[in-house]
Amino acid sequence: MSSPRPLSWRPLSSVARRWAWQAPLACALVVLALFGTGMRFELVGCLYLAVVTPELCRVDLAEHRLPNALVLPGLAFTAVGALFGWLGDGRPPLVPVVAGLAVGGFFGLLALTGGLGMGDVKLAALLAFTGGTISTVVVIGTVVLGFVVAGVAALALLVSRGGVGNIAFGPYLLGGFWASVAALPALG
C-alpha cells in the first residue's frame with residue numbers, strides 16, 4: 001500500500017488571480033455608486049458598471065480592446081433603470097438618451113479619424129447614457145476627465161519614452177466616470 005501523496009501548493013488559476021483583485025475593487029465601486037447616487041432605480045446601470053469596470057480596464061490595458069460582451073449589456077441595464085425611474089417619477093429619460101447619442105456621436109467622429117477604436121465609442125456612449133440618468137455633471141466629467149488624464153499620461157509617455165504609441169483609453173473614461181460619481185455628493 002502506497003502512502004498518500006502530500007498536498008502540494010498549486011498556483012491560483014489566472015481567473016482566480018483576477019478575481020482576487022477585481023472583486024474587492026468591484027465591491028468598492030458598488031459602495032461608491034450607492035454613496036454617489038443614492039438608492040434609486042437609475043442606480044442599476046452604475047451597479048453593472050461597478051461589476052465590469054475592473055475587467056474592462058484589464059482587457060483594454062492588456063489587449064487594447066473593450067469586449068462587446070461586457071459593454072453592450074450595460075446599455076440594457078441602464079435602459080431598465082431609466083425606464084423604472086421614468087415610471088417612478090413620470091419624467092421621460094430624455095437627458096440620458098440625448099447624452100448617450102451626443103457623446104457616442106462625438107466619439108464616433110473621433111474614431112473616423114483613427115484616434116479611437118469602436119470599443120471606446122461604445123463605452124463612451126454607455127457611460128454618457130448611464131451618467132445622464134444620474135446627473136449631467138457625470139456626463140461632462142467623464143469626457144473631460146477622461147481626455148485630460150489620458151492627455152497627461154500621453155505627455156508623460158512622450159517625455160519619458162520619446163513616443164506615445166497606443167494608449168488604452170477605456171480606463172481613463174471609466175476613471176473619469178467614477179471620479180465624477182464620487183464628486184456628486186460634494187457638489188450637492
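## Terms and model

Helices (H or I, at least four residues) and strands (E, at least two) are DSSP runs, numbered from the N terminus. This is a predicted model, in which local features need pLDDT of at least 70, side-chain atom pairs count only at pLDDT 80 or more, and totals for chains, interfaces and linings use all residues. Residues are numbered from 1 along each chain as its sequence is written, and side-chain values use heavy atoms, with hydrogens and water left out.

A pocket is an open set of points on a 1 Å grid over the protein atoms alone, where a 1.4 Å probe fits, with protein on both sides within 12 Å along at least five of seven lines; its lining residues have an atom within 4 Å of a point. Grid points are joined across faces, edges and corners, and a volume is the space filled by probe spheres set on the points.

## Largest pocket

The volume of the largest pocket is about 370 Å³. It is lined by 18 residues, and Gly-115, Leu-116, Asp-120, Ile-167 and Phe-169 are the closest to its centre.

By class, the lining has nine nonpolar, six polar and three charged residues. Nonpolar means Ala, Val, Leu, Ile, Met, Phe, Trp, Tyr, Cys and Pro, charged means Asp, Glu, Lys and Arg, and the others, Gly among them, are polar.

## Second largest pocket

The second largest pocket has about 270 Å³ of volume. Among its 17 lining residues, Glu-42, Asp-89, Arg-91, Gly-132 and Thr-133 are the closest to the centre.

At least two lining residues come from each of α3 (68–89), α4 (94–112) and α5, and α3 gives the most, with four. Eight residues of this lining are nonpolar, five polar and four charged.
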